[in-house]
Amino acid sequence: MKSDVRPRRPKAAIRVWCLPLLCLVLSACGGGDGASISPLAMAPPATAGDGVVVPVPPTAPAVVPPSLEGIEYLDIAGLSEKMAQGATSRDMATYLLARIDALDKKGPAVNAVIELNPDAMAIADQLDAERAAGQSRGPLHGIPVFLKDNIDTGDRMQTTAGSLALVGKPALQDAFVAKKLREAGALILGKTNLSELAGFRSPLLPNGWSGRGGQTLNAHVLDGEPCGSSAGSAVAVAAGFVPIAIGTETDGSILCPAAMNGIVGLRPTLGLASRTGIIPIASTQDTPGPMARTVRDAALLLSAMAATDPKDAATADAQAHAVDFTKFLSLDGLKGKRIGYSSGLHAAADFYPDFMPALDTLRRLGATVVPVESPSEFEVDEWTLLGYYFGRELNAYLATRVGLPVKTIEELQAFNKTVPLFPDGTPYSQRWIDMAVELLVPSTVPYEQMAREQKARVAGEFDRVLSSNGLDALVSPGRSGAMAGYPGITVPMGIDSSGMPVAIYFVGTRWSEPTLLSIAYGFEQATKARRNPQFRKNAPVP
């Protein structure tokens with residue numbers, strides 16, 4: 001669930017409220033044990049000849065309902081209105097599957113989808129029958145959704161986190177969040193590609209690449225940065241394959257691909273949504289979250305996901321905060337709000353040319369915007385702490401699965417030395433897996449205590465800045481707060497001169513989703529800045 005981000009401009013950036021991990025990755029991607037690899041130069045995923053199961057490319061449905069032309073960019077309310085007028089969930093799924101067939105592996109070939117649900121039409125028929133009988137499960141009834149391929153589904157689909165080593169017998173049961181979505185009536189149309197193992201295989205591999213799924217491309221500029229690790233979920237939503245998708249984040253993996261693909265991404269408070277049945281990196285920071293084209297749809301999806309799960313202790317207080325989040329959305333969401341931004345951004349205005357005008361928009365909409373000191377997130381080596389948890393928690397997850405080629409991270413490490421391979425026979429890098437295996441050895445270093453102390457320090461830093469300045473939220477062009485377990489939301493604010501989306505980011509204290517959604521909605525509705533992708537082949541030089 002990590003975000004492996006490369007800079008899109010050649011000039012150096014001033015780091016303000018960006019991830020501690022981000023700065024490590026910016027340097028790691030350009031050096032270390034080898035040069036970074038161009039996404040378009042990656043070898044294709046393994047085929048059946050390698051002795052592994054490969055998903056069959058989707059085929060176009062025979063009939064596409066003409067009455068549904070244009071639904072690809074409708075929001076949940078618009079799709080629900082279509083169903084109220086007589087369209088069925090089957091009709092919508094048929095139309096969207098035809099679009100996926102035309103654009104995902106053909107045409108621009110964005111490669112966002114790793115697998116389609118073979119039971120999608122049967123489920124759609126069941127949901128249509130319920131609707132016809134007057135039995136609606138709620139606003140998500142019959143609405144297509146994609147899940148990231150690290151989220152278990154107890155059906156015929158694989159759950160692999162993009163790793164060929166995890167292709168085998170499907171999971172025995174749904175992840176908790178998948179179960180909640182089914183209960184809400186959502187139609188799980190399939191699963192999306194991702195940075196392999198949610199970005200925790202190696203910093204030397206491109207964002208959005210996995211051995212099983214290949215390379216996902218940015219929906220707006222095909223040779224642009226898709227970002228990771230929830231690249232497939234972001235691109236699928238941006239490209240009009242589905243209105244909503246689930247991503248996962250450890251530190252930036254929802255927010256970065258959402259921003260880079262011009263959609264809304266929301267990282268919930270750690271503990272608002274369950275991680276049970278999700279291939280982990282570290283329970284200290286992992287969380288699933290909504291990805292959508294609108295703030296309202298993100299709020300609807302969060303409302304369906306949020307709940308206490310007895311199997312995930314972190315969610316013990318979730319039920320007290322699990323509400324209908326759409327009730328907090330208001331056109332006046334910014335009125336009276338007090339929002340802080342880093343005073344250092346004045347010096348970085350040339351690197352973030354869209355950010356200062358966005359602050360003027362916040363002021364125009366009634367917010368008081370003040371420069372403040374940046375919360376410090378420079379603490380312990382985040383990579384090492386995540387690696388410590390990754391090996392242990394991946395082993396615990398693998399113990400819940402049967403019929404896979406590997407049963408432990410050590411076996412995964414050995415598998416990766418043979419598949420996939422570059423054309424010259426050398427294996428792809430797995431630096432973080434190697435580190436995690438090394439950290440399985442008993443040590444006198446108190447890693448768990450260090451992680452707890454780090455979280456407390458970072459959370460204290462955010463709360464100090466928020467409280468001492470009387471702030472409702474912080475705003476920046478970057479992403480922060482993951483180590484504290486705090487919520488954040490990114491909202492589109494336009495397209496830059498290269499054709500790439502730009503975004504604004506709001507972060508708040510624990511359980512502040514209502515405030516953040518209100519702020520984000522007010523900004524979104526006033527600016528209407530999101531743009532549908534043009535699938536451009538080359539980014540012009542700025």
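1. Strand 6 (residues 244-249) and strand 8 are antiparallel and pair over six bridges, pairing here requiring at least two DSSP bridges between two strands. On the numbering of elements, helices (H or I, at least four residues) and strands (E, at least two) are DSSP runs counted from the N terminus.

2. A word on the model before going further. It is a predicted one, where local features need pLDDT of at least 70, side-chain atom pairs count only at pLDDT 80 or more, and totals for chains, interfaces and linings use all residues. Residues are numbered from 1 along each chain as its sequence is written, and side-chain values use heavy atoms, with hydrogens and water left out.

3. Back to strand 8 (residues 287-292), which also meets strand 7 (residues 264-267) in an antiparallel arrangement with two bridges. There, glycine 265 is bridged to methionine 291 of strand 8. Six of the six residues of strand 8 are buried, so the strand is largely enclosed by the rest of the structure; buried means under 20% relative accessible area, exposed over 50%, and partly exposed in between (1.4 Å probe, protein chains only). In a regular strand the side chains alternate between the two faces of the sheet. Here Thr287, Gly289 and Met291 are buried on one side, and Pro288, Pro290 and Ala292 are buried on the other.

4. Helix 10 (residues 355-364) has Phe355, Met356, Ala358, Leu359, Thr361 and Leu362 buried. Their cover includes strand 9 (338-342), strand 10, strand 11, strand 12, strand 13 and helix 15 (513-527). Just after helix 10 comes glycine 366, with a positive phi of about 105°.

5. Is threonine 216 buried or exposed? Threonine 216 is buried, at a relative accessible area of 0%, in the loop between strand 5 (214-215) and helix 6 (231-238). A polar atom of its side chain lies 2.7 Å from the backbone oxygen of asparagine 111. The side chains of threonine 216 and asparagine 193 also make a polar contact of 3.1 Å (a pair of N or O atoms within 3.5 Å; within protein, one must be able to donate a hydrogen and the other to accept it, and residues adjacent in sequence count only if both atoms are side-chain atoms). Leaving aside neighbours within four places in sequence, the contacts of threonine 216 include Val110, Pro226 and Val235, contact meaning heavy atoms within 4.5 Å.

6. Aspartate 472 sits in the loop between helix 14 (447-468) and strand 11 (473-476). Aspartate 472 counts as partly exposed, at 30% relative accessibility. Glycine 340 is 132 residues away from aspartate 472 in sequence, with a C-alpha to C-alpha separation of 8.2 Å.

7. Helix 13 (residues 431-438) buries Trp432, Ile433, Met435, Ala436 and Val437. These buried residues pack against helix 11 and helix 12 (409-415).

8. Finally, the overall tally. The protein has 15 helices and 13 strands, and 61% of its 542 residues count as buried. Among contacts between residues at least 6 apart in sequence, 77% join residues at least 24 apart.
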